[in-house]
Amino acid sequence: MKAALQNYRERMRRVLEHIDRHLDDDLDLDTLSGIAAFSKFHFHRQFTAIFGLSVHRYVQLARLKRASHQLAYTDAPSVTDIAMEAGTRRRTPLPAPFANGSGNRPRLSGILPIGSRGLRPSGLSMSQGASSCRELLPPTT
Amino acid sequence: MQRTFTTDDVTIRDVPTTRVAIMEHRGDPATLPATIQRFIAWRKAAGLHPSTNPTFNVWRSERRPARPADYSVDLCVGMDRPIAANGEGIKAGEIPGGRCAVLRVIGYTDNLEPAALYLYRDWLPASGEEARDFPIYCRRLSFFPEVPENETVAEIFLPLK
């Protein structure tokens, strides 16, 4: 039973690693279920059951986390370029997740790394989102 | 109401292939009630009462996909005779037979997602079983308001290899 559980978690870990390495690619359910070698009919619920958020949301948060670090720590070309990358294949210049709660006005403060540019995160921070999923999978021994 | 389940609630069952008539719902879950109304109306007109013909829901997509248009569920009636062509968009199909993990849910069966997630979160990873390439589905054994809501019964089937 323990071996089964470890094997199962290992397959999910492969998915998280694939997402991290392919943030610019198409990360749809068909692709990711194939990485884990789970049926596409079940994979999305298996993922949500383990990590507590949908695959789509996880990918979104991983892209936004990268964007927040680019904004905070790198000489990024422009905020718009970063926003476009984070919301790949969206027509709107700033993706919906940048808008924090109500209203259409984008708010970047909520997704910036803690302490960066003197801003404090509000709402769901990246560390509560994408990164914490990996903590649900204990390291392999 | 959030119930808790244990492995004792799950049984492995070998189910036969079931021929079904399918009304497909494709699109925003907000329009599902309208599809259910059409399904019930067709069923009554065709004389396929739940007491004689079993009711199944096959969940083909996420419960709340990122794009609501991707929502997909099949409303099915088990039947042993072929269905005649008709104007209501009913298709013939089948629920393939095979091994299934079955979880019986009693009461408040309108949202079976928490029970399904129990199977995926707790039962499946520890079982060593592998899900088969057919979606998770349920059989509805009684209906609200024909019985009180806390007495409705449904069985969830997780197809296994």
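Reply: B:Pro145 lies in the loop between β7 and β8 (153-159) of chain B. The peptide bond that joins B:Phe144 to B:Pro145 is cis, with omega at about 10 degrees. The model is predicted, and chain B averages a pLDDT of 93, with 96% of the residues scoring at least 70.

The domain assignment of chain B gives domain 1 as residues 1-17 + 96-161 and domain 2 as residues 21-95. Between the centres of these two domains, taken over C-alpha atoms, there are 19 Å. Contact between them involves 10 residues of domain 1 of chain B and 11 residues of domain 2 of chain B. On the side of domain 1 of chain B that touches domain 2 of chain B, strand β7 (residues 137-140) of chain B gives the most, with 4 residues. By residue type, that side of domain 1 of chain B divides into 6 nonpolar, 1 polar and 3 charged.

Another loop of chain B also holds a backbone feature to note. B:Tyr108 is found between β6 (98-106) and α2 (113-127) of chain B, in the loop. Its phi is near 55 degrees, a positive value in a residue other than glycine. B:Tyr108 counts as partly exposed because it has 17 C-beta neighbours inside 10 Å.

A further loop of chain B, between α1 (32-45) and β3 (55-59), contains B:Leu48. Leaving aside neighbours within four places in sequence, B:Leu48 is in contact with B:Arg43, B:Asn53, B:Val77 and B:Met79. B:Leu48 has 17 C-beta neighbours inside 10 Å and therefore counts as partly exposed. B:Leu48 and B:Phe157 are 109 residues apart along the chain, and 22 Å separate their C-alpha atoms.

Chain B also has a partner. In the complex, 16 residues of chain A are in contact with 17 residues of chain B. Both α1 (2-21) and α3 (40-51) of chain A supply at least two residues each to the side of chain A that touches chain B, and α3(A) gives the most, with 8 residues. The residues on that side of chain A divide into 8 nonpolar, 7 polar and 1 charged. For the complex, the predictor gives an ipTM of 0.89 and a pTM of 0.82.

The secondary structure of chain A comes to 6 helices and 0 strands. Of the 141 residues of chain A, 32% count as buried. Within this chain, helix α2 (residues 29-36) packs on α3(A) at an angle of about 85 degrees, the axes being 9 Å apart. The two helices, α2(A) and α3(A), are therefore roughly perpendicular. In their contact, A:Leu29, A:Asp30, A:Leu32, A:Ser33 and A:Ala36 of α2(A) meet A:Lys40, A:Phe43 and A:His44 of α3(A). These residues divide into 4 nonpolar, 2 polar and 2 charged.

A:Ala37 has its place in the loop between α2 and α3 of chain A. Although A:Ala37 is not a glycine, its phi is positive, at about 55 degrees. A:Ala37 counts as exposed because it has 10 C-beta neighbours inside 10 Å.

Notes
Residues numbered from 1 in each chain as written. Chains lettered and ligands numbered in written order. Predicted model: local features only at pLDDT ≥ 70, side-chain atom pairs only at ≥ 80, totals over all residues. Domains from an automatic or database assignment. Contact = placed C-beta atoms within 7 Å. Nonpolar A, V, L, I, M, F, W, Y, C, P; charged D, E, K, R; others polar. Axes fitted to C-alpha atoms, helices over the stretch in contact; angles between N-to-C directions. Parallel < 35°, antiparallel > 145°, perpendicular 65-115°, else oblique. Buried ≥ 20, exposed ≤ 12 C-beta atoms within 10 Å, placed from the backbone. pLDDT = per-residue confidence, 0-100.
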